[in-house]
Amino acid sequence: MKGFIDCHCHISATEFDNDIEDVIEKSKQVGILGLVAVAEHAGEFEKIIQLSERFPSFVFPCLGVHPVQGVPPEPQRGAALEDLDAALPLIEKYKDRLLAIGEVGLDFTPRFVSSDKAKDEQREVLIRQAEIAKRLDLPLNVHSRSAGRPTIHLLKEQGVEKALLHAFDGKPSVAMEGVKAGYYFSIPPSIVRSEQKQKLVKQLPLESICLETDSPALGPEKQVRNEPRNITVSAEFIAKVKGVPLEQVKVVTTLNALRLFPKLKACVRV
């Protein structure tokens, strides 16, 4: 096994506009085999597709509507059905190129969602995207901030079989419900400063763990731009927490990613 898969990153973020070539090259230098590029809103779908064309067989596009919407200077708010309506034509247009539907999910952070109605609308947006994923036979790349148990329960209720719970912030006992359902959990470099993530990794079987960076967020240092090359930070810390060799983490997490995202097998050499 020759490298890593970054299973969740925002390579289309404006933070990378000025040095994207350098960021991609540095990620390859540390052994990354592919970047799973997730979207948050319809406005960046075309950019992600263009990046996948610019870096073929390395940047793999995922399109979906994030549970929190609102691009600055607009205030952030919970996703609504009209956000999904704007996204659907583009998801349909590019469906054959997609690795997954994402980033989708639930986010019940009080400053974004303060009413049951808003939560219900988020749920409906997620349910509809789960239906799309099932129709297209694609996995879901899932956000679940302050909503770990509701997210896992909804995925199970909808019959979702393939899902990645990224940067899961819930209790290990809740995560284990996802493990039983066959879901995977991706761990970002912020594990080095997150007691919650460290406890989560201790409990999760390695066979259920993938690697991610969530670049440009969730880096090893607060307020510092995260990059895909920091995937090594995640892998090394997981090896430390689990008490296993780094090479074992590299091999198992890459195999997990290939199981979760079958389309990678045709493009990524391992």
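Is Arg128 buried, partly exposed or exposed, and at what relative accessibility? In this predicted model, Arg128 counts as partly exposed, at 34% relative accessibility. Its salt-bridge partner is Glu124, with the closest N and O atoms 3.1 Å apart. Glu124 is also partly exposed, at 29%. Both residues lie in helix H4 (residues 116-136). They are four residues apart, and therefore separated by about one helical turn. Side chains of opposite charge can pair when their charged atoms come close.

The whole structure holds 17 salt bridges. Some of them form a network that links Asp19, Arg225, Glu227 and Arg229. Glu227 is buried, with a relative accessible area of 8%. Arg225 is partly exposed at 28%, and Arg229 is partly exposed at 33%.

Strand S9 (residues 184-187) pairs on two sides of the chain order. Strand S8 (residues 163-166) and S9 pair in the parallel sense over three bridges. Here Leu164 has Tyr184 as its bridge partner. The chain runs from S8 through helix H6 (residues 172-180) to S9, in a right-handed β-α-β crossover. S9 and strand S10 (residues 209-211) likewise pair in the parallel sense, over three bridges. Ser186 stands opposite Cys210 in S10. Helix H7 (residues 195-203) carries the chain from S9 to S10, and this β-α-β crossover is right-handed.

In a regular strand the side chains alternate between the two faces of the sheet. In S9, Tyr184 and Ser186 point one way, and Phe185 and Ile187 the other. All four are buried.

Definitions and conventions
Residues are numbered from 1 along each chain as its sequence is written. This is a predicted model: local features need pLDDT of at least 70, side-chain atom pairs count only at pLDDT 80 or more; totals for chains, interfaces and linings use all residues. Side-chain values use heavy atoms; hydrogens and water are left out. Buried means under 20% relative accessible area, exposed over 50%, partly exposed in between (1.4 Å probe, protein chains only). Two strands pair if DSSP finds at least two bridges between them. A crossover is right-handed if, with the strands pointing away from the viewer, the path from the first strand over the helix to the second runs clockwise. A salt bridge is a side-chain nitrogen of Lys or Arg within 4 Å of a carboxyl oxygen of Asp or Glu.
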